[in-house]
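Trainee: Could you walk me through how to read the features of a model like this one, giving the general idea before each case?

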Amino acid sequence: MNFSWQNWEVFLQDPGDGRTYLQWMLSAWGWTLAVAGGGLVIALVVGSLMGILRTTPSKALVFAGEVWTELFRNIPLLVQLFLWYHVLPAIFLPLQKVPSFVLVVFALGFFTSARVSEQVKAGIQALPRGQRYAGLAMGFTLPQTYRYVLLPMAYRIIIPPLTSESMNIIKNTSVAFAVSIAELTMFAMQAQEETSRGIEIYLAVTALYFVSAFAVNRLAALIERRVQVPGLLGAK
């Protein structure tokens, strides 16, 4: 396919703020990765906690985990983002001083935490029940049994679905343009409007999204190979 007719030199042009479109795009890429990284940390921490609660013997804790998961799983991400950006600061006034970047990170993190919760719950339930009983029989408390016995094995099982969630969170950062976060999608929309070179702009942005998600995929595959336990899924 011949792309010679396209004007890739558009990325060397200065939009008027002392930097080129290439520098602007790389800055937007950095914001995208920052939002995704922050959201992923929150998703893993909160989602793991909710997944654990849903596998405990306590009906109250199970109910709390179920409510959290269903609440954040069944509301569209864009709606949750607007709630965090427009509604919650109007109700809780101190949030008006919180940077929009932080609000977006929490919105994305809590949304993804519901999906992580499902994965963690499935990973724990996939383990033989004897492992829980063995941990308790050794004198561990229930939290210690989760920490030292169940979770290390469960996380090994759910690395593939967690990889998908990590890749999805990078792609889901595109909603941040709706609240003026200078990430890749917002850059693409503004740069295309200013230069009328939509093909070049969107191809470059698409490539950066692909590179980001693919890098996460390869890193997760490396981790999976290093921590896998042969025959674990087949254990009874």
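**Reading the side chains**

Mentor: Phe214 counts as partly exposed, because its relative accessibility is 44%. On this scale buried means under 20% relative accessible area, exposed over 50%, and partly exposed in between, with a 1.4 Å probe and protein chains only. This is a predicted model, in which local features need pLDDT of at least 70 and side-chain atom pairs count only at pLDDT 80 or more, whereas totals for chains, interfaces and linings use all residues. Residues are numbered from 1 along each chain as its sequence is written, and side-chain values use heavy atoms, with hydrogens and water left out.

Trainee: How many aromatic pairs are there?

Mentor: A pair of aromatic rings is described by the distance of the centres and the angle of the planes. Rings of Phe, Tyr and Trp (its six-membered ring) pair if their centres lie within 6.5 Å; planes under 30 degrees apart count as stacked, over 60 as edge-to-face and the rest as tilted. By this rule the count is twelve. One of them joins Phe72 and Phe110, edge-to-face at 5.6 Å centre to centre with 70° between the planes. Because Phe72 lies in helix α2 (residues 59-73) and Phe110 in helix α4, this pair ties together parts that are 38 residues apart in sequence. Helices here are DSSP runs (H or I, at least four residues) and strands likewise (E, at least two), numbered from the N terminus. Phe72 and Phe110 are both buried, and together with Trp68, Trp84 and Phe106 they form one aromatic cluster.

Trainee: Are the rings of Phe210 and Phe214 stacked or edge-to-face?

Mentor: Their planes are at 15° and their centres 5.6 Å apart, so the pair is stacked. Both residues lie in helix α9, four residues apart, about one turn of the helix, and Phe210 is exposed because its relative accessible area is 54%.

Trainee: Which residues have the most contacts inside the largest nonpolar core?

Mentor: A nonpolar core is a set of buried Ala, Val, Leu, Ile, Met, Phe, Trp, Tyr and Cys residues joined through side-chain atoms within 4.5 Å. The largest has 39 residues, and those with the most contacts inside it are Phe11, Met25, Val104, Leu184, Phe187 and Val205. Among the elements giving it two or more residues are α1 (21-53), α4 (100-125) and α9 (198-227), and α1 gives the most, with ten residues. Apart from this core lies another, of 15 residues, including Tyr146 and Leu162.
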